[in-house]
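Let's take a few labels one by one and ask what backs each of them up.

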Amino acid sequence: GQVKDYMEMLAEEDPTKYEAHFSKYIAGDLDGEKLEEMYTEAHEKIREDPEHELAEKKGITHAKGEAGQMTASDGTEHVRNKKITLEQRRAKVAAKIAAAQAKLLAADDDEEDE
């Protein structure tokens, strides 16, 4: 398939990029040929028993905390970013533009002083 061809081409032309892109496949001892065999076997198994079985739910619940903090019942924590309003977004962009302009002006002044 296409992935097999790409793997083989990349392995020949740029081995370091190949290792970076396909590190999980290399760790699993999969090359282009084995990859094609793996998918062929998977398709055969699906054809044998096409009924999809739903996985059991883990029963994890989430609680919202302050500042977008989410705590799950299994102990993991995540931070969710809150949406900001259009006005806040525009103010943020204006502040970034002003900071960039100030930096350019400071760099310009430094060049003139030298």
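Q: How do you know how helix H1 and helix H4 are oriented to each other?
A: H1 (residues 2-13) and H4 (residues 32-48) pack at an angle of about 165 degrees, with axes 9 Å apart. Axes are lines fitted to C-alpha atoms, for helices over the stretch in contact, and angles run from 0 to 180 degrees between N-to-C directions. Angles over 145 count as roughly antiparallel (under 35 is roughly parallel, 65 to 115 roughly perpendicular, the rest oblique), so H1 and H4 are roughly antiparallel to each other.

A quick note on the model: it's predicted, local features need pLDDT of at least 70, side-chain atom pairs count only at pLDDT 80 or more, and totals for chains, interfaces and linings use all residues. Residues are numbered from 1 along each chain as its sequence is written, and side-chain values use heavy atoms, leaving out hydrogens and water.

Q: What makes the contact of H1 with H4?
A: Val-3, Lys-4, Met-7 and Glu-8 of H1 meet Gly-32, Glu-33, Leu-35 and Glu-36 of H4, where contact means heavy atoms within 4.5 Å. These residues divide into three nonpolar, one polar and four charged.

Q: What makes strand E2 and E3 a pair?
A: Two strands pair if DSSP finds at least two bridges between them. Three bridges join E2 (residues 69-72) to E3, and the two run antiparallel. Met-70 stands opposite His-78 in E3.

Q: Why are E1 and E3 called edge strands?
A: In the open sheet the order is E1-E2-E3, and E1 (62-64) and E3 (77-79) each pair on one side only.

Conventions: Helices (H or I, at least four residues) and strands (E, at least two) are DSSP runs, numbered from the N terminus. Ala, Val, Leu, Ile, Met, Phe, Trp, Tyr, Cys and Pro count as nonpolar, Asp, Glu, Lys and Arg as charged, and the others, Gly among them, as polar.
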